[in-house]
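I opened my notebook for a friendly walk through one protein chain. Here is what I looked up, entry by entry.

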Amino acid sequence: MNSENEIAIYNNYFFSKKPSETNKPINFDAKEEYNQYFSLPIHQKKGQIPIFKYFEGQGYKIFIGVPFQITFQDITKQLISKEKNLISNSKNDSLSYINYIKNKQWITESVLRVGDSSTIYLATLQDSAHYANNKKIFDADSVRQRFYKK
């Protein structure tokens with residue numbers, strides 16, 4: 001793997017960035033967009049998923065969050081309970097994944113269990129169905145493969 005495309009997350013876990021994806025600063029606009037689409041419900045008493053990394057590709061945005069004081073199971077319940085125009089979903093012991101449309105945006109949200117107790121959250125906004133259906137970038141298996149341990 002080209003180290004330029006390896007993005008360190010934590011605990012020796014990395015995200016594999018595509019060469020066409022650009023690492024962007026987490027500025028006010030990025031935080032606002034992330035919170036608009038991906039914040040936990042207001043009644044959530046504990047836990048947060050602050051934005052950790054932000055990337056842009058042609059026609060899409062990727063947000064990576066590192067959950068704090070919230071479990072894989074709790075995030076999975078939140079994903080499942082959201083009312084939305086669901087397109088697809090997948091769930092197993094180490095990955096929960098949903099794909100849906102909101103405000104004319106194609107969206108994926110994934111939560112991955114890495115190691116014994118760590119969790120990583122990934123969310124994407126896509127401008128068109130092309131990216132939402134692109135099996136090489138945003139399907140559940142590809143999302144899982146983009147995170148790895150060294």
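**Entry 1: the whole chain**

I read along the sequence and wrote down the pattern β-β-β-α-β-β-α-β-β-β-β-α-α-β for the protein chain. That gives 4 helices and 10 strands. Both kinds of element are DSSP runs numbered from the N terminus, helices being H or I with at least four residues and strands being E with at least two. I noted that this is a predicted model, where local features need pLDDT of at least 70 and side-chain atom pairs count only at pLDDT 80 or more, while totals for chains, interfaces and linings use all residues. Residues are numbered from 1 along each chain as its sequence is written, and side-chain values use heavy atoms, with hydrogens and water left out.

Next I asked what share of the 150 residues is buried. I found that buried residues make up 47% of the protein chain. Buried means under 20% relative accessible area, exposed means over 50%, and partly exposed lies in between (1.4 Å probe, protein chains only). The chain exposes about 8,300 Å², and carbon and sulfur atoms supply 47% of that area. Such areas come from the Shrake-Rupley method with a 1.4 Å probe, and for residues only the protein chains shown count as cover.

I also looked at contacts, meaning heavy atoms within 4.5 Å. Of those between residues at least 6 apart in sequence, 53% join residues at least 24 apart.

**Entry 2: a sheet of three strands**

I followed an open sheet of 3 strands in the order β1-β2-β10, with antiparallel pairing. Two strands pair if DSSP finds at least two bridges between them. On average, neighbouring strands here are turned by 35° against each other, direction ignored. For such angles, axes are lines fitted to C-alpha atoms (for helices over the stretch in contact), and angles run from 0 to 180 degrees between N-to-C directions.

I then checked the partners. β1 and β2 (residues 13-16) pair in the antiparallel sense over 3 bridges. I7 stands opposite F15, and E6 has S16 as its bridge partner in β2. β2 and β10 also pair in the antiparallel sense, over 3 bridges, and F14 stands opposite Y148 in β10.

In a regular strand, side chains alternate between the two faces of the sheet. In β2 both faces are covered: Y13 and F15 on one side, F14 and S16 on the other, are all buried. The charged end of K150 sits over the ring of F14, 5.4 Å from its centre. My cut-off for this is NZ of Lys or CZ of Arg within 6 Å of the ring centre and within 35 degrees of the ring normal. K53 lies over the face of F52 in the same way, at 5.3 Å from the ring centre.

**Entry 3: the turn between β1 and β2**

Most residues other than glycine have a negative phi. Which residue in the hairpin of β1 and β2 takes a positive phi near 50°? N11 does, in a hairpin with 4 residues between the strands. N11 is partly exposed, with a relative accessible area of 47%. N12 is found in the loop between β1 and β2 as well, and its phi is near 65°, a positive value in a residue other than glycine.

**Entry 4: aromatic rings**

A search of the whole structure gave me 10 aromatic pairs. Rings of Phe, Tyr and Trp (its six-membered ring) pair if their centres lie within 6.5 Å; planes under 30 degrees apart count as stacked, over 60 as edge-to-face and the rest as tilted. Y37 and F38 form a tilted pair, 6.0 Å centre to centre with 40° between the planes. Y37 is buried at 8% relative accessible area, and F38 is buried at 3%.

The rings of F38 and F63 have centres 5.8 Å apart and planes at 55°, so this pair is tilted. The pair links distant parts of the chain, with F38 in helix α1 (residues 28-38) and F63 in strand β5 (residues 60-65), 25 residues apart. Y34, Y37, F38, Y54, F63 and Y121 form one aromatic cluster.

**Entry 5: a buried serine**

Last, I looked up S110 in strand β8 (residues 105-114). Is S110 buried or exposed? At 0% relative accessibility, S110 counts as buried. Leaving aside neighbours within four places in sequence, S110 is in contact with L95, S96, Y97, I120, Y121, L122 and V143.
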